[in-house]
Amino acid sequence: MRLQFVLTEVLSGLRRNASMVVSVILVTFVSLTFVGAAALLQTQVTKLKGDWYDLVEVSVFLCPTGSTAPTCADGEATEDQVAAIEQVIDTELADVVATTYFESKAAAFEAFTEVYPDGYQGTQLTAEDMQASFRLKLVDAEQYQVVDDVLEGRAGVEVVEDQRAVFEPLFVALGRASMMAAGLAGVMLLAAALLITTTIRLSAVSRRRETGIMRLVGASNLFVQLPFMLEGAIAAVVGALLAVGGLWLAVQYLITDWLQESVDWVAYVDVSDVLAVAPLLLGIAVLLAVVSSVVTLNRYTRV
Amino acid sequence: MIRFENVSKVYARGARPALDEVAVDIARGEFVFLVGASGSGKSTFLRLVLREERPTGGRVYVAGRDLSRISSWKVPSLRRSIGVVFQDFRLLPGKTVYENVAFALQVIGKPRHVIRSTVPEVLEMVGLDGKEKRLPHELSGGEQQRVAIARAFVNRPQILLADEPTGNLDPTTSLGIMRLLDRINRTGTTVVMATHDDEIVNEMRKRVVELSTGSVVRDEIDAVYGHRESILPAVGQTPVLDAPGRGTPQVLPQALPRVHVTPEPADLEAERAAEEAAARAVAQGEPTLDARADVLAEVPADVPADEAPHRATGSADDVVRQVLREHEHVRAGREA
């Protein structure tokens, strides 16, 4: 009885306020699409980091001849210095470094000639122009700072370089895009909250007669307010479902079917990631509706 | 049933109190008229009983509950023991008669079979049997008020509050409504009615509580409306101002047409139906609803029937007959 009555009330409310309900649906749809896009960008960044950071190393370049770095004042790194550095890596950094590989000048030259067989930009280089280095593979690529703190400034070490720096611009770009999406999502969510508030208020005012009688004959607060809450929640949830659908289509057609085909060596987000984001979006939608309706209804249909 | 202990209500700080130290005790089953000028505090009184307002000072007890102590989530249960009727009926325009009455039960979560059995019963009681499917705008004012009363009474409340229930109705229709309220009162329901209708108050001879600028100035059993102060300059007899209660009615020259109000036949029909329902109830040995029906029909002996055109002189059938007779008079008067 109660349930059926509440549902009838909800339906009639939705019908009466059709245009407002549609606008609530659209605004939540757009705002939650932005929220979802931001979340997917973050997922993408995490995926890329996971994939690529497994490959990156920290290079500890040793002093070459003629370096101007203060630690290289004594000229090229001596064998003693190299041994001391290796000693430090094996002891102090034992927890951080997974594997250590010493690249001598000869090895470096070999690797260089492989990439540039005809010399670098027309200059013929020799093994003497190369720089010896330690290549450290870290247990966790994020722990670069520890390595840097220990080795930087040590005699014989010219510079410590993190290969992650290569990817940094991409991640910064992705990070900013996701921030922007989140920012827009914030604004849109605010708009959605205000719109839901207005819609519920309109609905409440247009049904003041009913709610007035309900209060007089002793209907409970929840019973009076539930239809309005459900109205807001239904509109918001429909918006969220549309957002999930939109993201699903975008990921399926733009990324899986298109980007994946043309640039296939990158791990992309896929439909399963969209499904992982879906509960978040639905949750936000329900929260949004409940919070705005509680705020409004306490003002307009109080007993 | 309702007890006001030195209740004051001030709406705006510094303003004149709407109620000032009001102390009234209304027993179970009483019928009380609340009279007084507009702004004297009648509506505030009713709103305090419903706990739509809270008193600024003093205590209000309704059905044994101290309203200043009950928490807001218990207010609905308080209101389920109170029925309310208004001057403007407050029906839902999109719902039928049946749905309007059923609404009051639906929203307090009564099961469907209860609604299905209770609503027709109460509609029969108010005399609207057979009009369940009508929409409010298809009904006359009197019938609409009957629907409103049915809605207020369908949950069998202990208290019925009526805020000028006859304010929008013509005198004969009002009389029908009053008989209905009287019948409800005789089932043991406490009835508190705010009104300006001196004629009704004078005829019913019930307890009268008179408020004036927020204070009780009179509280009498078996009372009348009281003398109405003449606020208009005496300009001689005019048809519109020739209302009962304004001093001794003067005999009009026959040729002058009087203002007559002919009630909707539907209202009379409803009243007759309600009376028949009451009679059936009596025949079935139910608690007597109509034992004192003739109280209403009392007409002061010194007023000739023709001079008291809107007073009933017996059963509803007589009312109809009388109204039709008056109608003839009017026509005759116009033609003369």
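This is a predicted model: local features need pLDDT of at least 70, side-chain atom pairs count only at pLDDT 80 or more; totals for chains, interfaces and linings use all residues.
Q: In which sense do strand S3 (residues 31-35) and strand S8 (residues 190-194) of chain B pair?
A: Strands in a sheet pair through backbone hydrogen bonds, and this can go either way, parallel or antiparallel. Two strands count as paired if DSSP finds at least two bridges between them, and S3 and S8 of chain B have four. Their pairing sense is parallel.

Q: Which strands sit at the edges of the open six-stranded sheet in chain B?
A: Strands here are DSSP runs of E, at least two residues long, and helices are runs of H or I, at least four, both numbered from the N terminus. The sheet's order is S6-S7-S8-S3-S9-S10, with mixed pairing.

Q: What angle does H6(B) make with S8(B)?
A: H6(B) packs on the sheet and touches S3, S7 (159-163) and S8 of chain B; a contact means C-beta atoms, placed from the backbone, within 7 Å. Angles run from 0 to 180 degrees between N-to-C directions, with axes fitted to C-alpha atoms (for helices, over the stretch in contact). For H6(B) and S8(B), the angle is about 150°.

Q: How do the directions of H5(B) and H6(B) compare?
A: Helix H5 (141-153) and helix H6 (171-186) of chain B pack with axes 9 Å apart, at about 15°. Under 35 degrees counts as roughly parallel, over 145 as roughly antiparallel, 65 to 115 as roughly perpendicular and the rest as oblique. So H5(B) and H6(B) are roughly parallel.

Q: Which helix supplies the largest share of the side of chain A that touches chain B?
A: The contact takes 15 residues from chain A and 19 from chain B. On the chain A side, H1 (2-16), H7 (208-216) and H8 (221-262) each supply at least two residues. With five residues, the largest share comes from H7(A).

Q: What percentage of chain A counts as buried?
A: A residue is buried if 20 or more other C-beta atoms, placed from the backbone, lie within 10 Å of its own, exposed if 12 or fewer, and partly exposed in between. Chain A has 303 residues, and the buried share is 34%.

Notes: Residues are numbered from 1 along each chain as its sequence is written. Chains are lettered from A and ligands numbered from 1 in the order in which they are written. Two residues are in contact if their C-beta atoms, placed from the backbone, lie within 7 Å.
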